[in-house]
Amino acid sequence: METCLFCQIITGKIPSEKVLETADFVAFKDIHPKAPVHVLLVPKTHRDRPEDLTADEITAMLAGTEEIAQILGVKETGYRLIFNVGAHAGQEVDHVHLHLIGGAPAKGMY
Ligand code: 5GP
Ligand code: ZN
């Protein structure tokens with residue numbers, strides 16, 4: 001999808017600070033980090049919702065979270081993995097993305 005922000009980040013049309021890239025997904029730093037470590041993992045194929053991800057994409061992205069946590073030094077201290085889905089979750093970008101957030105204690109669930 002040409003107009004999708006994250007599709008343009010994946011192709012490099014819009015610059016981003018990439019942390020990891022595999023055949024299935026790209027991970028880059030969130031432009032407005034909510035914590036010292038805030039990375040977005042996005043499938044290379046545009047998909048609207050988490051349930052549209054293929055089994056291979058889900059496996060690759062979850063394996064990637066561990067690698068990213070290791071790279072950014074939060075594997076031992078812990079981190080949060082979040083899919084925002086729809087309006088009440090505050091989802092801003094339609095291209096499905098998994099947030100990896102850490103580097104400081106979380107301030108509760110809600
Ligand atoms: P959502 O609220 O949809 O779950 O998360 C979208 C995230 O994308 C937000 O945390 C926001 O800061 C991030 N974001 C929005 N535009 C850009 C951008 O152009 N570059 C990067 N790296 N992150 C972005
Ligand atoms: Zn997209």
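The legends below describe close-up views of a predicted model.

Residues are numbered from 1 along each chain as its sequence is written, and chains are lettered from A and ligands numbered from 1 in the order in which they are written. In this predicted model, local features need pLDDT of at least 70 and side-chain atom pairs count only at pLDDT 80 or more, while totals for chains, interfaces and linings use all residues; side-chain values use heavy atoms, without hydrogens and water.

**View 1. The open sheet of 5 strands.** The strand order is β1-β2-β3-β5-β4, with antiparallel pairing. Strands (E, at least two residues) and helices (H or I, at least four) are DSSP runs numbered from the N terminus, and two strands pair if DSSP finds at least two bridges between them. β1 (18-21) and β4 (79-82) stand at the edges with a single partner strand each, so one side of each has no neighbour in the sheet. On average, neighbouring strands are turned by 20° against each other, direction ignored; axes are lines fitted to C-alpha atoms, for helices over the stretch in contact, and angles run from 0 to 180 degrees between N-to-C directions.

**View 2. The two edge strands and their partners.** β1 and β2 run antiparallel, joined by 3 bridges, and form a hairpin with 3 residues between them. Lys18 stands opposite Phe28 in β2. Leu81 has Leu100 in β5 as its bridge partner.

**View 3. Helix α2 on the sheet.** Helix α2 (residues 55-71) touches β1, β2 (25-29), β3 (37-43), β4 and β5, where contact means heavy atoms within 4.5 Å. The direction of the helix makes about 155° with that of β3.

**View 4. Glu57 in helix α2.** Glu57 counts as buried because its relative accessibility is 5%, and buried means under 20% relative accessible area (1.4 Å probe, protein chains only). A polar atom of the Glu57 side chain lies 2.9 Å from the backbone nitrogen of Thr54. Apart from neighbours within four places in sequence, Glu57 is in contact with Asp24, Pro43, Thr45 and Arg47.

**View 5. The surroundings of ligand 1.** Ligand 1 is surrounded by 17 residues (a heavy atom within 4 Å), and the closest are Lys29, Asp30, Glu92, His97 and His99. A polar side-chain atom of Asp30 is 2.5 Å from an oxygen atom of the ligand. A side-chain N or O atom of Asn84 lies 2.9 Å from an oxygen atom of ligand 1.

Conventions: A polar contact is a pair of N or O atoms within 3.5 Å; within protein, one must be able to donate a hydrogen and the other to accept it, and residues adjacent in sequence count only if both atoms are side-chain atoms. Buried means under 20% relative accessible area, exposed over 50%, partly exposed in between (1.4 Å probe, protein chains only).
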